[in-house]
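Please consult the sequence and the structure shown here alongside the text.

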Amino acid sequence: MHAIKAPALRPGDAVMLVSPAGPTRPERMERGLELLESWGLRAVLGPHAYDRAGYLAGTDADRAADVNQAFADPSIRGVLCTRGGYGAQRMVDAVDMAAVRRDPKVVAGFSDITALQFALWRGARLASVHGPGVAWNDERTPADSAESLRSALMSTDPVTIASVPTEDTAGVRVPGLAAGPLLGGNLCLIAASVGTVDMPDLTGAILLVEEVQEPLYKIDRMLTHLRRAGALDGLAGVALGQFTDCSDDWGTGLAPMLLDRLGDLGVPVLGGLPIGHGPGQLSVPVGALATVDATAGVLTVESAVG
């Protein structure tokens, strides 16, 4: 499961902004564009980045065309997603993986973009960055979040993220130490990938899981489905990010439910990581080699770029 790492972005590099999933608006992009400019990056808007077709950012063909254009253009050195939403699974089969392999470029996004990151891992073994979209919100992703994304894109230093006691998943922990490629992202997209060509073999991997606005019984159902499908067999460890606005109408408790579904896998489990849809979201490479130290409460990941 050796990862391909794209070159780190440098000041002066051009990055293309694409919308592989849900639609966004120009006013939502203003702050993100300011940040990219402050890092010395030149933002190039994908031709269909502002398209809208209901809950999709335009047609499947056009969304895929923007991603393919970014990888085919040698002047573009990074591919940054504007947001998540829904729709990446509908276009990933049209991504030109030969172009990705010829000229690897760092891709950043999260949420529904998990589907695209899975496809890039399957088709090109490309490491990428699980981090905020360019439709930036300073209230949710303040200065530390911005610096985390900048570093993940522009530095080859390892990324270290410590468990935060105030995160909802902080009470979920099975002590131990494990190493392997960090794979995963949004739980809905992981579960929806079961049975597709893009579902990675998680044997020897550390599974990253985060979620937003799902009731606890649905989270239970998705984790149970992964268990019953054998997707978690041979897992090396689990890194739990933010489970934001996940309703608990029955009083089950998020931490007890996660421990029930993950605590008996016989692998280290570390919760409390500020990765996902919550305030203070930090960026983390996916596809890169990671170490989860659930005893010390720290996740360390090699850079996604070289």
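The points below cover the domains, the annotated positions and the pocket.

This is a predicted model, in which local features need pLDDT of at least 70, side-chain atom pairs count only at pLDDT 80 or more, and totals for chains, interfaces and linings use all residues. Residues are numbered from 1 along each chain as its sequence is written, and side-chain values use heavy atoms, with hydrogens and water left out.

**Domains**

- The protein is divided into domain 1 (14–154) and domain 2 (159–301), with bounds that come from an automatic or database domain assignment.
- The centres of the two domains, taken over C-alpha atoms, are 23 Å apart.
- To their contact (heavy atoms within 4.5 Å), domain 1 contributes 26 residues and domain 2 contributes 28 residues.
- An unreviewed UniProt entry places "domain: LD-carboxypeptidase C-terminal" at residues 180–292; UniProt annotations may be inferred rather than shown by experiment.
- Residues 180–292 are 26% helix and 27% strand, and their end C-alpha atoms lie 9 Å apart. Helices (H or I, at least four residues) and strands (E, at least two) are DSSP runs, numbered from the N terminus.

**Annotated active site**

- The unreviewed UniProt entry gives the annotation "active site" to S111, E210 and H277.
- These residues are spread over 167 residues of sequence, yet they cluster in space, with a largest C-alpha distance of 8.5 Å.
- Of this set, S111 and H277 belong to the lining of the largest pocket.
- E210 is part of strand 9 (residues 206–212) and is buried, at a relative accessible area of 0%. Buried means under 20% relative accessible area, exposed over 50%, and partly exposed in between (1.4 Å probe, protein chains only).
- Leaving aside neighbours within four places in sequence, the contacts of E210 include S111, H130, N186 and H277.
- H277 sits in the loop between strand 11 (269–270) and strand 12 (284–286), and counts as buried at 15% relative accessibility.

**Largest pocket**

- A pocket is an open set of points on a 1 Å grid over the protein atoms alone, where a 1.4 Å probe fits, with protein on both sides within 12 Å along at least five of seven lines; lining residues have an atom within 4 Å of a point.
- The largest pocket holds about 570 Å³ of space, a volume being the space filled by probe spheres set on the points.
- Its lining has 26 residues, and R83, G84, G85, F110 and H277 lie nearest the centre.
- Each of domain 1 (14–154) and domain 2 (159–301) supplies at least three residues to the lining of the largest pocket.
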